[in-house]
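Have the structure open beside you as you read.

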Amino acid sequence: MAASLNLILVEIAWPAALALAWVAGEFGRRWLGLPRISSYAIAGFLMASSQGGFLSQPSGEAMVLLTNVALALILFELGYRINLGWLRANPWLGATSVVEATGTFAVVFFIARIFDQAPIPSLLLAALAVPTSPAAVLRVVNELRGSGQVTERTLHLSAFNCVFAVVAFKAVVGYAMLTGNGGVFTAVWNSVVVVLVSAGLGTLFGVAVPGLLRVTGGLTHHTTVAFALAVLLLTALTDAFKFSPILAALAFGLVARHRRVLLSQAQRNFGALGDLLTVLLFVFIASTLDWRHVVAGIELGVAVLMARLLVKTCATTLFARISGLSWRKGVLTGVALMPLSVFSMMLLEQTRHLDAKLVEHLPGVAAMMLLLNVLGPLATQWALCRAGEAQPGREG
């Protein structure tokens, strides 16, 4: 009897956790003014088994695929909102992105070495610190119905530094395998080939799916369903062959936008499906963090957090006036780029077939992820509100 009861409790643990996280998100938003995703992360961390909660350690290919799909849907939407024509009209935006990304990488690597970390873990930590979490930024923007220069620059810079982060991370992984026992072929495959094939598959889907919609006449009625199914297929395909679902989804959205396929405001977030998968994504990521790893790396985590915020803010402020933005909004754009955790944790998750305990080999990662899971969305929300680009009373 007891065994049957325990089995039932295990089976309902994740559905119950998602329901509790959703309730926490609604109450946190109403009573404390927190972004919903911050509450999801707090709930997931507290309910994890490593913190004494009832939520078992997530495992299995199905769970990993679901979380990859959740992030891929968000990355597709982010890619869809990117206007490459803006880069041609305002090349200083691209310069801002390059300086912000490379500066973050260099400073975080330097800090990790000061904390006596070995070169390869320092390089990995630096690569993981580069991106701004598109999941957090996009959800906060949609939640606040954000619109304006700070909002658009934050979204564009987030997309650009995610690409930089994937390339840098895969390059470091390839270098680590080359200096280990992996060999040249394995190193090149897990770096150069993975990046090129992932981007190529995303581009292929970005051309093929809009073409299919035009042939079937589904451009007005079935766009959202078609894109959601295509993202699911693309994610399953890239995950199965150990490529990068996140880079493929970003390329898919970017190319689809420039194929002139319209995605209306009502279809943002992919509706109820996107909302549900977002809860799952943030609870999953937070539940993978162990409080012991958080405590062990808190000093390095805080140092990286502060340095990362400083570099990004300095870069966006430095190029503010020359790129057509006020100093004040340049600062706010840098602050809005603070979110991190989801994208970087999924990068780590995709290396599980190479090293299942990579997080444990990177002191400071768990602390940085937990802090930015909560503080990052708050920073973005604050920046958009201070910039006057949030629209209270019109939340999604």
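Phe252 counts as buried because its relative accessibility is 0% (buried means under 20% relative accessible area, exposed over 50%, partly exposed in between, with a 1.4 Å probe and protein chains only). This is a predicted model, in which local features need pLDDT of at least 70 and side-chain atom pairs count only at 80 or more, while totals for chains, interfaces and linings use all residues. Residues are numbered from 1 along each chain as its sequence is written, and side-chain values use heavy atoms, leaving out hydrogens and water.

Which ring pairs involve Phe252? With Phe76 it forms a tilted pair, 4.8 Å centre to centre and 55° between the planes. Rings of Phe, Tyr and Trp (its six-membered ring) pair if their centres lie within 6.5 Å; planes under 30 degrees apart count as stacked, over 60 as edge-to-face and the rest as tilted. Phe76 lies in helix H3 and Phe252 in helix H11, so this pair ties together parts 176 residues apart in sequence. (Helices are DSSP runs of H or I, at least four residues, numbered from the N terminus.) Phe205 and Phe252 form an edge-to-face pair, with 5.9 Å between centres and 75° between planes. Ring pairs link Phe76, Tyr80, Phe205, Phe227 and Phe252 into a cluster.

Now look at helix H10 (residues 223-240), which packs against H11 (residues 245-257) at about 145°, with the axes 9 Å apart. Axes are lines fitted to C-alpha atoms over the stretch in contact, and angles run from 0 to 180 degrees between N-to-C directions. Among the residues making the contact are Phe227 of H10 and Phe252 of H11 (contact means heavy atoms within 4.5 Å).

Notes:
Helix = DSSP H or I, 4+ residues; strand = E, 2+ residues; numbered from the N terminus.
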